[in-house]
Amino acid sequence: MFTTLLTHVRLATMRDAAGYGIVDDAALGIRDGGIAWVGGMRDLPRDAKAAQTIDCGARWATPGLVDCHTHLVYAGNRANEFERRLEGVSYAEIAAAGGGIRSTVEATRAASPDALAAASAPRLAAMAAQGATTVEIKSGYGLDTESELKQLRVARLLGARCDVDVRTTLLAAHAVPPEYTGRADDYVERVCSETIPAAAREGVVDAVDAFCETIGFTAAQTRRVFDAARASGLPVKLHADQLSDGDGAALAAEFGALSADHLEYTNDAGVAAMARAGTVAVLLPGAYYALRETRPPPLAALRAHGAPIAISTDCNPGTSPATSLPLMMNMACTLFGMTPGEALAGVTRNAARALGLADRGTLAQGMRADIALWDLAEPAELAYRIGCDACTAVFRAGRLVRGTP
């Protein structure tokens with residue numbers, strides 16, 4: 001007995017290593033929040049019964065989309081920096097002058113949890129409306145222990161409020177806070193000895209991240225952060241090689257990181273190390289576009305070495321104020337040269353892998369019933385249509401949480 005049976009649905013299962021894994025005129029049975037049966041309508045057992053049966057009218061179904069790299073809990077905005085960049089001021093110059101991350105830190109520290117939630121909820125709701133069922137949310141705009149914990153708590157609260165599965169990542173090593181100017185090592189020590197253990201004790205964090213870059217933290221400082229994460233039993237992720245080649249990808253691989261993200265300047269040895277470690281390459285075309293970068297991530301090397309590739313919005317106030325994964329799919333194809341099939345894999349199975357989640361990202365028996373229904377002629381339209389808004393319904397763990405099938 002199924003809780004829900006979807007019939008006459010066209011499936012992009014994303015089970016194939018290449019392609020969409022299409023099952024045309026299919027049925028999908030849901031039980032106990034998971035996928036209990038999937039296959040062609042002609043193979044559906046004649047005695048199959050369900051509490052409710054939904055004729056999908058030949059709509060397409062994909063796995064629920066996974067946004068595996070966001071900074072969406074913050075206060076304020078940085079539209080003025082957008083104007084300054086258009087006038088020719090670089091991101092690094094803005095950061096050095098006290099803008100960038102530090103300006104968002106000031107606003108976020110000052111915001112109450114309720115105000116922070118109110119400002120951030122519309123961003124998560126917008127992602128969910130376009131098919132996202134799982135979203136990673138980083139801290140990194142508090143840069144002191146209590147403010148970082150505030151961000152993580154609000155992120156968890158928003159997940160429940162918006163009916164999205166939120167995974168939280170501690171990014172206390174995002175920038176050196178103003179009170180630690182010139183004392184980056186002292187700040188790293190506080191992150192390692194106080195912030196990471198506090199977040200782990202409270203149970204509000206799923207992973208630890210760091211910004212290893214010329215305007216962020218050195219490789220040696222990042223190692224200390226990663227060692228502290230290990231000591232607290234937390235997996236790691238890394239903002240790597242976005243603005244320069246600092247061997248960040250290789251460092252991430254050395255620690256068995258879930259993912260290394262950005263990667264515009266990553267060298268071939270770093271890509272090879274990631275592939276050997278199973279570290280997912282998360283590409284962030286929104287930031288590439290907003291910063292008017294000219295050096296794309298090493299897609300050919302990632303393909304050649306067989307590194308899994310994910311795509312995310314990088315939703316943040318400074319360099320990617322975006323909430324649409326379908327838009328990122330289009331950008332990944334147009335700006336980086338990915339195929340529409342690679343792009344869809346990048347926001348489903350590979351994005352789930354970038355969060356260490358093996359129970360979602362494909363439509364297969366035994367997987368979580370996270371499903372998005374789309375009014376499309378073919379799956380490639382998700383990347384072809386610029387910011388495709390054709391999502392008609394979303395199931396999360398088997399429950400219809402938005403739209404009409």
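I started with aspartate 165 and arginine 360, whose side chains meet in a salt bridge at 2.4 Å, N to O. By salt bridge I mean a side-chain nitrogen of Lys or Arg within 4 Å of a carboxyl oxygen of Asp or Glu. Aspartate 165 sits in strand S8 and arginine 360 in the loop between helix H14 (349–354) and strand S14 (371–374), so the pair ties together parts 195 residues apart in sequence. Helices (H or I, at least four residues) and strands (E, at least two) are DSSP runs, numbered from the N terminus.

Note on the source: this is a predicted model, where local features need pLDDT of at least 70, side-chain atom pairs count only at pLDDT 80 or more, and totals for chains, interfaces and linings use all residues. Residues are numbered from 1 along each chain as its sequence is written, and side-chain values use heavy atoms, with hydrogens and water left out.

Buried or exposed? I checked aspartate 165. It counts as buried at 12% relative accessibility, and arginine 360 is buried too, at 7%. My cut-offs: buried is under 20% relative accessible area, exposed is over 50%, partly exposed is in between (1.4 Å probe, protein chains only).

I then found that a network of salt bridges links Asp165, Asp359, Arg360, Arg368 and Asp370.

Next I looked up arginine 396, which forms a salt bridge with aspartate 163, closest N and O atoms 2.5 Å apart. Arginine 396 is buried, at 16%.

Last, arginine 153 pairs with glutamate 146 in a salt bridge at 2.7 Å, N to O. Arginine 153 is partly exposed at 32%, and glutamate 146 is partly exposed at 48%. I noted 24 salt bridges in the structure.
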